[in-house]
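Below is a short briefing on one protein chain.

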Amino acid sequence: MTDDAVFRKGSATAPPGYFRWEAAGLAWLADAPGGARVAEVLEVGEDHLDLRRLSFVNPDPGMAEAFGAGLARVHDAGASAFGVAPPGWSGDGYLGPVSELLPLPLQPTSSWGEFYANQRLLPTLALGVDRGVFHRHDVHLVEAVARRVSRGEFDDGSSPARIHGDLWSGNVLWTADGAVLIDPAAHGGHRETDLAMLSLFGCPHWDFVIGGYLEQHRLDAEWPARVALHQLHPLLVHAVLFGGDYPARAMAAAKRYR
């Protein structure tokens with residue numbers, strides 16, 4: 001294979017095993033029957049990951065609709081528990097840019113609310129407190145939300161889904177053959193988490209993406225009311241990593257569920 005057919009993602013400072021973590025997630029997502037396309041792994045090293053190079057095009061509504069249906073099939077492939085890691089990986093994972101990765105707790109849990117509160121909201125809040133990002137009233141607010149979440153008040157009975165875990169629009173690459181998923185933080189989670197993050201930062205032809213998704217897998221009537229709750233964790237992560245207006249945006253989302 002020629003060099004121009006290979007895209008190398010590398011870092012000399014990435015944590016040990018980081019590229020094996022990413023490769024395990026890509027393989028797990030790609031294993032979903034009829035699912036969305038996933039970047040092809042060619043080689044995994046301690047300091048790099050080689051992927052088949054992709055050529056980009058502008059998406060159209062038909063591609064977006066097909067991607068939505070494929071994403072639903074990935075989610076439908078399921079997971080054994082909330083918080084479970086991809087096969088071939090053990091321990092916690094990672095989330096964020098390679099230059100500043102945050103730990104991603106992964107402890108298999110039967111309840112989504114317990115998982116989301118104790119492995120997503122509260123650990124990220126603690127990271128922000130350590131960095132001086134969040135104030136006392138922010139802590140009290142997010143802790144109040146986490147208590148409600150942990151009690152299962154927002155659980156909808158959905159079984160664990162096989163999720164990308166970091167599905168902002170930059171991790172969906174559009175090619176002539178359709179959308180391709182890259183850079184996952186894959187684990188067992190709630191399908192609405194991927195959808196909420198995809199909508200949080202904007203997605204081309206979003207109405208067609210969600211339309212294709214709902215044709216493949218119907219969500220309950222209350223799912224729009226939970227979108228901001230699923231967006232709370234990525235907003236907290238962005239507050240920790242980037243500051244700016246993200247702390248305020250995170251607190252605005254939290255206030256809807258206190």
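**Briefing on the predicted model**

Three strands form an open sheet in the order β1-β4-β3, and the pairing is antiparallel. The edges of this sheet are β1 (6-10) and β3 (41-44); each has a single partner strand, so one side of each is left without a neighbour in the sheet. From one strand to the next, the twist averages 20 degrees. The model is predicted.

**Antiparallel sheet: pairing and packing**

- Strand β4 (residues 48-52) pairs with β1 in the antiparallel sense, over five bridges.
- Within that pairing, L51 in β4 is the bridge partner of F7.
- Helix α1 (residues 18-30) lies across β1, β3 and β4. Its direction is at about 30 degrees to β4.

- Another open sheet of three strands has mixed pairing and the order β2-β9-β8.
- At its edges stand β2 (37-38) and β8 (172-175), each with a single partner strand, so one side of each has no neighbour in the sheet.
- The pairing of β2 with strand β9 (residues 178-181) is in the parallel sense and covers two bridges.
- Opposite R37 stands V180 in β9.
- Helix α2 (residues 61-76) lies across β8 and β9, and runs at about 130 degrees to β8.

- T193 is found in helix α5 (residues 191-200).
- The relative accessible area of T193 is 18%; the cut-off for buried is under 20%, so T193 counts as buried.
- When neighbours within four places in sequence are left aside, T193 is in contact with W112, I163 and H230.

**Whole chain**

- The chain holds eight helices and 10 strands.
- For 258 residues, a compact globule would have a radius of gyration near 18 Å, and the chain, at 18 Å, agrees with this.
- Along the principal axes, the C-alpha atoms fill a box of roughly 55 × 45 × 35 Å.
- Of the 258 residues in the chain, 55% are buried.
- Taking contacts between residues at least 6 apart in sequence, 76% join residues at least 24 apart.
- The accessible surface of the chain is about 11,400 Å², and carbon and sulfur atoms account for 50% of this surface.

Conventions
Residues numbered from 1 in each chain as written. Predicted model: local features only at pLDDT ≥ 70, side-chain atom pairs only at ≥ 80, totals over all residues. Heavy atoms only, no water. Pairing = 2+ DSSP bridges. Helix = DSSP H or I, 4+ residues; strand = E, 2+ residues; numbered from the N terminus. Contact = heavy atoms within 4.5 Å. Axes fitted to C-alpha atoms, helices over the stretch in contact; angles between N-to-C directions. Buried < 20%, exposed > 50% of the residue type's maximum accessible area, 1.4 Å probe, protein only. Rg over C-alpha atoms; globule rule 2.2 N^0.38 Å. Areas by Shrake-Rupley, 256 points an atom, 1.4 Å probe, with all protein chains shown as cover.
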